[in-house]
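Let's take a friendly walk through a protein model. Have a look at it first, and then we can read it piece by piece.

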Amino acid sequence: MNSIFLIGMPGGWEWIIIILVVLIFFGAKKIPELARGLGKGIREFKDATKEIKKDIEDSSKVEEEKKS
């Protein structure tokens with residue numbers, strides 16, 4: 001049953017080929033810039049989700065206080 005989920009996952013050689021293709025297309029100088037951009041995007045997404053969670057918790061606390 002677990003093998004059903006792993007069918008689409010690349011193995012060891014596939015990762016090496018993917019990395020080589022990325023190096024060929026983007027070059028070694030562009031990869032750090034791409035990684036920084038990806039990191040900034042992930043950080044902004046995490047910050048946004050934390051803010052949304054905080055807003056939901058705050059609004060639920062306000063609703064509980066109104067009921068009391």
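## Counting salt bridges

How many salt bridges are there in this predicted model? The count comes to 2 salt bridges. Let's meet each pair in turn.

E33 and K30 are 3 residues apart in helix α2, so about one helical turn separates them. E33 counts as partly exposed, with a relative accessibility of 44%, and K30 is partly exposed too, at 43%.

The side chains of K54 and D58 form a salt bridge as well, here with 3.6 Å from N to O. This pair also sits in helix α2: K54 and D58 are 4 residues apart, which again means a separation of about one helical turn. D58 has a relative accessibility of 33% and therefore counts as partly exposed.

## The overall picture

Now let's step back to the whole chain. The protein chain has 2 helices and 0 strands. Helix α2, where both of our pairs are found, covers residues 12–67.

How much of the chain is buried? Of the 68 residues in the protein chain, 0% are buried. To be called buried, a residue would need a relative accessible area under 20%. The chain exposes about 6700 Å², and carbon and sulfur atoms supply 67% of that area.

Is E51 buried or exposed? Its relative accessibility is 52%, so E51 counts as exposed; the cut-off for that label is over 50%. Compare that with D58 from the salt bridge with K54: D58, at 33%, is partly exposed.

Key: Residues are numbered from 1 along each chain as its sequence is written. This is a predicted model: local features need pLDDT of at least 70, side-chain atom pairs count only at pLDDT 80 or more; totals for chains, interfaces and linings use all residues. Side-chain values use heavy atoms; hydrogens and water are left out. Buried means under 20% relative accessible area, exposed over 50%, partly exposed in between (1.4 Å probe, protein chains only). Accessible areas come from the Shrake-Rupley method with a 1.4 Å probe; for residues, only the protein chains shown count as cover. A salt bridge is a side-chain nitrogen of Lys or Arg within 4 Å of a carboxyl oxygen of Asp or Glu.
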